[in-house]
Amino acid sequence: MKNTFFKLLSIFPGPFFPALIFAVRESRFAIKNFRIFIACLLLGTAIIAGVGSITANISDSIHRNGRVLLGGDVEISQIQQRLTPAQKKYLSAAGKLSEIATLRTMARSRDDSSLVDLKAVDRNYPLYGTVSLKDRDYRADILARRNKHWGILLSEALAARLKLAVGDSLILGTVKYQVRGVIIRQPDINNSGFQLAPGAIISLDSLFKNSLIQPGSLVYYHNKIKLYQGIKGIDLENNIKKDFPDNGWRIRDSSSGGAGLRHFISRMGQFMALAGLTALLVGGIGVGTAVRSYLEEKTDSIATYKILGASRKVILITYLAQIMAIAVGAILLGLIAGALGPIILAEFFQGSLPIALNRTIYLKPLLLAAYYSISVALIFTLWPLAGALQVLPARLFRQKISREQNITKSPGYIMVILTLSLLLGAVIIYMSDFRRLTAATLMAAAVVFVILRGTSALLRVIIRRSPSPKNPLFRLALGNIYRPGNTTTSIIMALGFGLTMFAAIAALEHNLHRKINQQITGRAPSFFFIDLQKNQRKSFTDFLEKTPGVTRYHMVPNLRAGLPG
């Protein structure tokens, strides 16, 4: 009678089919025992998939909108010198040309003033994208001279700073401008570099009728080119370098558009992905705890299978199949949540970003998240399952009261777990843009794992060998730390990993603040002024000496020049 039950299933080849039958039967009542298991995998998968999908979405959108972010297919920049008519004619043969000048100056309105990042544009601006204004549309003639006043468009920050609305006026240099609109969004704003002050846009023609440009003024000229059909940017760049080798132009194409934003998103994505992976590893401890608790409840079932003649392979497939089926369901829910991230982000930030985000699903981050989650689920499932399979049937029945908990895992299971762990680490490092940082993070996680594991073992030994307290409540509480079936290791690992992650983030933030404060304290001025002319030095220093509260000032001459290559 011992093997009668299993002989009925011997007509099926191998142990796979009988094991699946057992797995399906037991899975009907197993889900309630895997709530923590499901929550850990779902949350970790959703974080990794969501961060990866959002990062891929923004990077892809930046690449797709590179011409909009740059303002053209090709940009040629130089300082304090405009293109000559011959140079403009040369570039115009390749595409439509738009000239932009940028500088910093002071804007005065009534009794108030503000530093301004000024952009002067021609009638062809913008070559790509649109300028969005509040309550009106942008037109090429909106900055033209009307009723003896040139037009100006103010950023929302500058309009709020000077308390100006459409129709009001302000002075730049020696020219009075009329506010014609408030800027909501500019297509090439993220390509303008560091913004020291709120922005404004005027006509390029009005700039040369003003007194803003003087000898030594820091004016940058950007010439955007919208290439004609059939002309490639790389060919134009090579021709420029060949025909104008000594001009010192800075040439960029659309692939560099939004480089700063792309750089920021890439690094933020890497940081968030590592944080998500750490959360998944912490969740893996919860996975192992849930599996262990479930297998302890199934001790009688496993013992019965063994007594009836089931092989270890049948039992392994039975419980591994049902646990991984639940894991796959949780991972699929996490992948769905992560895949919806870019779509939700596109709706939420519509109009707030200088580019239009894609409403699509990115497979690469989803596949990576699925691989990470399945690997973690397998690693933390095989360990307790391997221990349960090594126990003899007679011992399984008395395992709940036995103190003999040291079960030797089979070398085969240990090799599989180590292989899965090394393969997971290798893939994580290979797919990272910052491989040294990622490798260091994984090594630190491994060290923390060993330390916490050792701490748990040491704590159990110390409490077991310590005198028992007389208070029965304390005696019972301390006994539960080392009793058979205790969860001391799981609790210490989960809390330790979580606290380590939070402590690392807090320490990083504290060190950054401390470093910044140490460098700034006693060195950084309260105010600084730029673009002071030689004839303004005496009047400016007299003003500072008469101003209460000014204890010290320092003037530094500055000259920018190109170096011959």
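Predicted model: local features only at pLDDT ≥ 70, side-chain atom pairs only at ≥ 80, totals over all residues.
Me: Why is Ile344 called exposed?
Reply: The relative accessibility of Ile344 is 54%. The term exposed requires over 50%, so Ile344 counts as exposed. This residue is found in helix H11, which covers residues 312-348.

Me: What makes Leu333, Ile336, Leu340 and Ile344 a nonpolar patch?
Reply: A patch of this kind consists of nonpolar side chains, Leu and Ile among them, joined within 5 Å, from residues with over 30% relative accessible area and no salt bridge. Leu333, Ile336, Leu340 and Ile344 form such a patch on the surface, and together they have about 380 Å² of accessible area.

Me: Why is strand E1 called mostly covered?
Reply: A residue is buried when its relative accessible area is under 20%. In E1 (residues 74-79), five of the six residues are buried, so the strand is described as mostly covered.

Me: How do you know that E1 pairs with strand E10?
Reply: Pairing requires at least two bridges between the strands. Six bridges join E1 to E10 (residues 220-227), so the two strands pair, and they run antiparallel. Within this pair, Ile76 stands opposite Asn223 in E10.

Me: What makes E1 and strand E11 a pair?
Reply: Four bridges link E1 to E11 (residues 250-253), where at least two are needed, so these strands also count as paired, in the antiparallel sense. In E11, Ile251 is the bridge partner of Ile76.

Terms used:
Residues numbered from 1 in each chain as written. Heavy atoms only, no water. Patch = residues over 30% accessible without salt bridge, like charges linked within 9 Å, V, L, I, M, F, W, Y side chains within 5 Å. Areas by Shrake-Rupley, 256 points an atom, 1.4 Å probe, with all protein chains shown as cover. Salt bridge = Lys/Arg side-chain N within 4 Å of Asp/Glu carboxyl O. Buried < 20%, exposed > 50% of the residue type's maximum accessible area, 1.4 Å probe, protein only.
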